[in-house]
Number of protein chains: 2
Amino acid sequence: MSLGEFDLIQRYFTRPVRRAPLGVGDDCALIAPAPGMQLAVSTDMLVEGRHFVSTVAPRRLGHKALAVNLSDLAACGARPLAYTLAFALPRADAAWLAELAAGLHALADAHGIELVGGDTTAGPLNLCLTVFGEVPPGQALLRSGAAAGDDLWVSGDTLGDARLALEALRGTLSLEGSAFERCRRAMEQPQPRVALGLALRGVASAAIDISDGLLGDLGHVLRRSGAAAAHADRAGAGATTPFGATLWAEALPRSADLATQLVERQLEYLLAGGDDYELLFSAAPARAEAVRAAAAASGTPVARIGRIEARPGVQVLDGAGQPVATPWASFDHFRSA
Amino acid sequence: MSLGEFDLIQRYFTRPVRRAPLGVGDDCALIAPAPGMQLAVSTDMLVEGRHFVSTVAPRRLGHKALAVNLSDLAACGARPLAYTLAFALPRADAAWLAELAAGLHALADAHGIELVGGDTTAGPLNLCLTVFGEVPPGQALLRSGAAAGDDLWVSGDTLGDARLALEALRGTLSLEGSAFERCRRAMEQPQPRVALGLALRGVASAAIDISDGLLGDLGHVLRRSGAAAAHADRAGAGATTPFGATLWAEALPRSADLATQLVERQLEYLLAGGDDYELLFSAAPARAEAVRAAAAASGTPVARIGRIEARPGVQVLDGAGQPVATPWASFDHFRSA
């Protein structure tokens, strides 16, 4: 079935907007943030072979494309409002598009947000979403707010499962059927931690999502928080030193499927697996009970996994308190295979 | 030279933000619209071979990628505030990226806007920008506001030149050197009509940009305005009929280079050329002087080219008042070559 650009937008992506003053179909969409609110914006581009495998079910791809963007709003503690979708497709396949739209709409409905605009073109498969959320001024969770001595926390209880699924698809390990399906769902249908992000406003000192791997994303928090602290101390003069961190390997939450892998593989997937849409956040030790309350209120498991240190460098300790080697680089789209 | 993802964002795309509360480098950017303003949002994706040729100078590509997005804000009468940039690149080439960034930054500076966030990945070349502007509630220029009897106007005085350049590149016609350079600049460095869009608030009844060709984009205005008028008359009951239009072929503004082409080619490029980032807008005949004042105030040429009709169908009349054939379809990314 051949569809024109106008037809396919009309058929699959035009739904009446309830909150936005103007949705799909004009040169621009119009969004009306609540008075006094700041608008949080994030954009993510997904490319076949990089962010998803060619055999992904289109409904799951729709889910994931929106989920990874909502995860960025979650990491800022923003309440999702709306999103736009631009995509390039090799051809307009009605059945595939209907499924993609169903995956997008289902997750959007679950978060009470709406598709307000977009663009379609022919080209190599590419999905680019931009999400909008609102946050009261001064309450956004930033990467730069951690202090030395803060506890480090992570959400979720299955870090590394997305990587397990990817490696099973690549053939570097094997998983039995139900384990593979569960891990593949972790890879293809991540649940953005929006409710936790909202509950952590005023509780967490810094937050980030760990889509590029826990260690790499922790590095962003340490660099930006160290720089912010130095800037506050010295009015921006001189070089800045990043903070460091201690992590307790045994505290990192993992599934039974990952726990049966070799220890080195467990550590790599936990610390540098990638595609885990969990929140890594810091909070003052005195706020530990408030963190647990936020986790309970949002129905999200959290684990305390380490501590921010004033000296640079990240040390991962095993159960005996001995440092373990962490030779993996963070995921980089221009350096990794 | 090989650059990592983090390095290249840092080097070419991180500039201090002056207006946004938070720019590039966190999970989200933060934008603070002025109190009471609505946020206008548009997103456009550019793909090599579709929206630009592989030999385009990267500085011009940067310009064009932002210009086509700003053109959407112009068509809504919104004041540009900020934009995000997501792109996929086959490889990270420092010289190419520096030029791309220079083209983006120059046009952004010209409009007083800033890059607040983005995403980079490896993949087939693809640029996806999302722009944000602000507009007072109720003042956005929509496609749906035209009334039967309104005059039709278009901005600019060189419709069709971008198509001339494209056809010269394709080898279906030849242009001498300076004409080719001028037309190629029209194709690669369009000037978004932001100032005109702002000046037309409260003057134009409907507006659209004609990036997909004048006739096709006019069709969107006729459909949506006809539907809106029917909805207002009959509280949404029953089928809606699009409006129609009469256009005067001789009133369509064209360059000397286009005016020397065959008449049929002139008409095709004027009415269905594509890649003209001009505004097509309607206004009540009584507002003709206000339109001319808006054009003068914004330093933008405008021409009155026709009229909105209550009956559906678009008729293009020649200088003798005789209808001319208009057999060209509007550009459609899934139907055109």
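In this predicted model, the area buried between chain B and chain A is about 5,200 Å². Carbon and sulfur atoms give 59% of that area. On the side of chain B that touches chain A, strand E2 of chain B, residues 38–47, gives the most, with 9 residues. By class, that side of chain B has 38 nonpolar, 17 polar and 15 charged residues.

| Item | Value |
|---|---|
| Residues of chain B in the contact | 70 residues |
| Residues of chain A in the contact | 70 residues |
| Salt bridges between chain B and chain A | 0 salt bridges |
| Polar contacts between chain B and chain A | 7 residue pairs, both residues at pLDDT 80 or more |

Strand E2 of chain B also takes part in pairing between the chains: strand E1 of chain A, residues 29–31, pairs with E2(B) in the antiparallel sense over 3 bridges. One residue pair can be named here, as Ile31(A) has Leu39(B) in E2(B) for its bridge partner.

Attention now passes to one residue of chain A. His105(A) belongs to helix H3 of chain A, which spans residues 94–110. Is His105(A) buried or exposed? His105(A) counts as buried because its relative accessible area is 11%, and the cut-off for buried is under 20%. When residues up to four places away in sequence are not counted, His105(A) touches Tyr12(A), Arg15(A), Tyr83(A) and Leu115(A).

Terms used:
Residues are numbered from 1 along each chain as its sequence is written. Chains are lettered from A and ligands numbered from 1 in the order in which they are written. This is a predicted model: local features need pLDDT of at least 70, side-chain atom pairs count only at pLDDT 80 or more; totals for chains, interfaces and linings use all residues. Side-chain values use heavy atoms; hydrogens and water are left out. Contact means heavy atoms within 4.5 Å. Buried area is the accessible area (1.4 Å probe) that two parts lose on being put together, summed over both. A salt bridge is a side-chain nitrogen of Lys or Arg within 4 Å of a carboxyl oxygen of Asp or Glu. A polar contact is a pair of N or O atoms within 3.5 Å; within protein, one must be able to donate a hydrogen and the other to accept it, and residues adjacent in sequence count only if both atoms are side-chain atoms. Helices (H or I, at least four residues) and strands (E, at least two) are DSSP runs, numbered from the N terminus. Ala, Val, Leu, Ile, Met, Phe, Trp, Tyr, Cys and Pro count as nonpolar, Asp, Glu, Lys and Arg as charged, and the others, Gly among them, as polar. Two strands pair if DSSP finds at least two bridges between them. Buried means under 20% relative accessible area, exposed over 50%, partly exposed in between (1.4 Å probe, protein chains only).
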